[in-house]
Amino acid sequence: MYILKHAVRSICRSKGRSILIGVILFVLALCSCIGLGIQKAADSSRTAMEAITNITATIETDRRGMMEQAQPPEGGQPLEGDREAMREQLQELQSLTLEELQTYAQADLVSAFSYTGTLYMAGTDELEAVASSQSESRPGPSGGLSTDSFALIGYSSDEAMSDFIDGTASISEGSMFAEGGSDLVCVISSELALYNDISVGDEITLQDQDGTAELMLTVSGIYERESTMMQGPGVDSANQILMSYAALAQLAEDAQLSPQVSGTYVFSTMTDYEAFDAECRELGLDEAYTISSTDVNAYEQSLIPLENLSNFAFWFLAVILLIGVVVLIVINVFSIRERKYEIGVLCAIGMRKGKIAMQFLCENMVIALIALLLGFGAGAVLSVPASNALLQTQIASSSQRAQRMDDNFGRGGMPGDQEGQDMQQMEEPQEEAPEMPSDGMVSAVSSVSEASDPIILLQMAGIAFVLVILSSSATLISIFRFDPLTILANRD
């Protein structure tokens, strides 16, 4: 207690020195608070982004791997028999069935699973495919598939309709079919509707490639697509007819057709995606199949700005603290020289050098505590707008994404359009609007911009303690090296 009281008296006696050290420590505390706040905001934003960003993957046949295995030894020339064996292996390799895809979807790492089924159909006299620049027949999954065939695609859920989620396609007239519904309704492209003079509510008829089975559907909506590139083997995107997988499966069963099924697996984190391959092998996935994703590169690129921001805050903080330590050491060295006689007197009256060193250290600790509280308060005020500015772009982007998804599916009016919302509820009372992830993200991101984070305060307290110890090291060494008799004898 005596040491603390004497330290406070020394601070009050040397107001100029104490104020100078206090100002330096205040600036360091202010910069530390802002730097730590920005770094935490960046890290928290990354965590929030990881929570709302999903990695999707598919299981496909590993044709490249099979061909590499069939290659002759290094330096050898491929033989006709080698090519024939390779061709036979590729032909024997079948796509996974829906039951097999669902088996791998039961892995603990998979957060969601969706799938699509595709039937390649031909038109009728009343329904013609949009003419393509290439109309010759070519081999396809259903035999004589040509570029003027139709692709009847059934989706297990809205999550499988990636074009409508990312905004590449959107409903322009009518409404989307019910998610998971079994009604025989579909949506068609605006080009196909214009080409055949089809309106919402009309019925269309398709037939299989052999002309032995006919499928009849009601058009519930018309969609527009940004790109009209060829999608799939020889099928123009304008000739894609979309519907629920449950309805497609019912039609296929009645017509004794077998749709081609592909599945999409969703993972919450990159770690889950990377570990999915090993888990699938344990569940029986053959080496002839491979797991791939088109989201990995985009995901890694999206995290680069946040990583750069976090690194910038770290190095900014490190440079500021290094400069601050050097300045404080210099000030303490000059201060100890001015107070040599005081140290000699204290030693002469019997005070141990350890207590004297503790008093000088206590002085710096008291000044650091005051500067820490003031710096944290000012930094808290300044870090709030800085953090909000950094996170505003992400919040706005997520909100726009949620609204755009709702508009693309054509389910529900614009904000304030109560009549449209009421009409949708009357038409589909059994369905609830899907819960969008943006609200959760906004609340999570806004919470990290709060400056009164106890973690930041504890980090600043640790930084202040280390600063005081390092800056006082020269003072403490000098105290233990001083000879009190020499100091008193040689007083200037």
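Axes are lines fitted to C-alpha atoms, for helices over the stretch in contact, and the angles between them run from 0 to 180 degrees between N-to-C directions. In this predicted model, helix 10 and helix 15 (residues 454–471) have axes that come within 8 Å and cross at roughly 40°. Helix 10 (residues 296–338) also packs with helix 16 (residues 473–481), at an angle of about 25°.

**Helix 10 with helix 15**

- The axes of helix 10 and helix 15 cross at roughly 40°, which makes helix 10 oblique to helix 15.
- The crossing in which helix 10 passes helix 15 is right-handed.
- On the helix 10 side, the contact comprises Leu317, Leu321, Val325, Leu328, Ile329 and Asn332.
- These residues meet Ile463, Leu467, Leu470 and Ser471 of helix 15.
- Sorted by class, the residues in the contact of helix 10 with helix 15 are eight nonpolar and two polar, with no charged residues.

**Helix 10 with helix 16**

- The axes of helix 10 and helix 16 lie 8 Å apart, and their packing angle is about 25°.
- Helix 10 is therefore roughly parallel to helix 16, since angles under 35 degrees count as roughly parallel.
- Helix 10 and helix 16 form a right-handed crossing.
- From helix 10, the residues Ile329, Asn332, Val333 and Ile336 take part in the contact.
- Their partners in helix 16 are Ala474, Thr475, Ser478 and Ile479.
- By class, five nonpolar and three polar residues make up the contact of helix 10 with helix 16, and no charged residues occur there.

**Residues named in both contacts**

- Ile329 and Asn332 of helix 10 meet residues of helix 15 and also residues of helix 16.

Notes: Residues numbered from 1 in each chain as written. Predicted model: local features only at pLDDT ≥ 70, side-chain atom pairs only at ≥ 80, totals over all residues. Heavy atoms only, no water. Helix = DSSP H or I, 4+ residues; strand = E, 2+ residues; numbered from the N terminus. Parallel < 35°, antiparallel > 145°, perpendicular 65-115°, else oblique. Left-handed = near helix turned anticlockwise from the far one by under 90°. Contact = heavy atoms within 4.5 Å. Nonpolar A, V, L, I, M, F, W, Y, C, P; charged D, E, K, R; others polar.
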